[in-house]
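This briefing asks how the parts of one protein chain are held against each other, and what surrounds the space left inside. Please keep the sequence and the model at hand while reading.

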Amino acid sequence: PERHQHQPEDRGHALAEHAVAEPGAEEPALALEVERLQQELSAAGAAIAKSDLIRRHGLLLQAFMDRSDLLAWLKDERGRLVWANRLWFEQFSFIEAEALDKTDLDLFPLEEAQRMRALDLEVLGGHDPVRGIETTTRADGSERCWRVTRFPFHDASGVRYVGGIADDDTARVRQHEEAHRQLISDGLTGLLNRRGFDALAEPEL
């Protein structure tokens, strides 16, 4: 009789075939991966929606401030211009791309720039707004008087800034100066009257 030689079974190969052939073995891992991807896509979608909302709010705020009669600006702790509205750039005849990231020393006459920086540092050193009347020189050499409010604030990461708003107060200041001049001088000659001499003498008393 013909003798059949028994071949030893390759158990590793058989197990591998059995593992591949068994239905549903990879489904749990695949389901977890799909769930993870869905969560990531959902989070990314929410972030995009939030970013789009912030962007739209930013555009609305810019449009609002560009139509304001007030000058408005924002500087970082180092005194560099971060943002300003349209009227600010127009008032000082600055081109936005050239003025941003510049300091007051880069943009204004030395004396004015030093005064502005001192006020900014005063604001950064406290927590309250600082208000006052300030004078600036325009590109044509004319002076304007402003009722200015400077205030400190910080963003979500803790970076500190100095914000400012200013209302043109030139007409009121000039009227006050003219009324004072008429009070202390003779209307015909323009020379100091008694009140004017008394005012000059007061510091010496």
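In which loop is the place of Ser 68? In this predicted model, Ser 68 sits in the loop that runs between helix H2 (27–66) and strand E1 (71–76).

- A polar atom of the Ser 68 side chain lies 3.0 Å from the backbone nitrogen of Leu 70.

**Strand pairing**

- Strands E1 and E5 pair in the antiparallel sense over six bridges, and within this pairing Leu 71 has Ala 166 in E5 as its bridge partner.
- E5 also pairs with E4 in the antiparallel sense, over nine bridges, and here Phe 153 stands opposite Tyr 161 in E5.
- The hairpin of E4 and E5 has five residues between the strands, and in this hairpin Gly 158 takes a positive phi near 95°.

**Salt bridges**

- Side chains of opposite charge can pair when their charged atoms come close. The count for this model comes to 11 salt bridges.
- One of them joins Glu 134 and Arg 115, with the closest N and O atoms 3.2 Å apart. Because Glu 134 lies in strand E3 (residues 130–137) and Arg 115 in helix H6 (residues 110–124), this pair ties together parts that are 19 residues apart in sequence.
- Asp 169 and Arg 147 meet through their side chains in another salt bridge, at 3.3 Å from N to O. This pair links distant parts of the chain, 22 residues apart, with Asp 169 in the loop between strand E5 (160–168) and helix H7 (170–184) and Arg 147 in strand E4 (residues 143–154).
- Salt bridges that share partners join Lys 75, Asp 104, Arg 115, Asp 120, Glu 134 and Arg 150 into one network.

- Rolling a probe the size of a water molecule over the atoms shows where empty space is left.
- How many cavities of 30 Å³ or more does a search of the whole structure find? The search finds one, and the volume of the largest cavity is about 170 Å³.
- The largest cavity is lined by 19 residues, of which Trp 73, Trp 88, Phe 108, Met 116 and Arg 150 are the closest to its centre.
- The elements that give two or more residues to this lining are E1, helix H5 (104–107), E3 and E4.
- By class, the lining of the largest cavity is made up of 11 nonpolar, three polar and five charged residues.

Definitions and conventions: Residues are numbered from 1 along each chain as its sequence is written. This is a predicted model: local features need pLDDT of at least 70, side-chain atom pairs count only at pLDDT 80 or more; totals for chains, interfaces and linings use all residues. Side-chain values use heavy atoms; hydrogens and water are left out. Helices (H or I, at least four residues) and strands (E, at least two) are DSSP runs, numbered from the N terminus. A polar contact is a pair of N or O atoms within 3.5 Å; within protein, one must be able to donate a hydrogen and the other to accept it, and residues adjacent in sequence count only if both atoms are side-chain atoms. A salt bridge is a side-chain nitrogen of Lys or Arg within 4 Å of a carboxyl oxygen of Asp or Glu. On a 1 Å grid over the protein atoms alone, a cavity is a set of points where a 1.4 Å probe fits but cannot get out, and a pocket is an open set with protein on both sides within 12 Å along at least five of seven lines; lining residues have an atom within 4 Å of a point. Grid points are joined across faces, edges and corners, and a volume is the space filled by probe spheres set on the points. Ala, Val, Leu, Ile, Met, Phe, Trp, Tyr, Cys and Pro count as nonpolar, Asp, Glu, Lys and Arg as charged, and the others, Gly among them, as polar. Two strands pair if DSSP finds at least two bridges between them.
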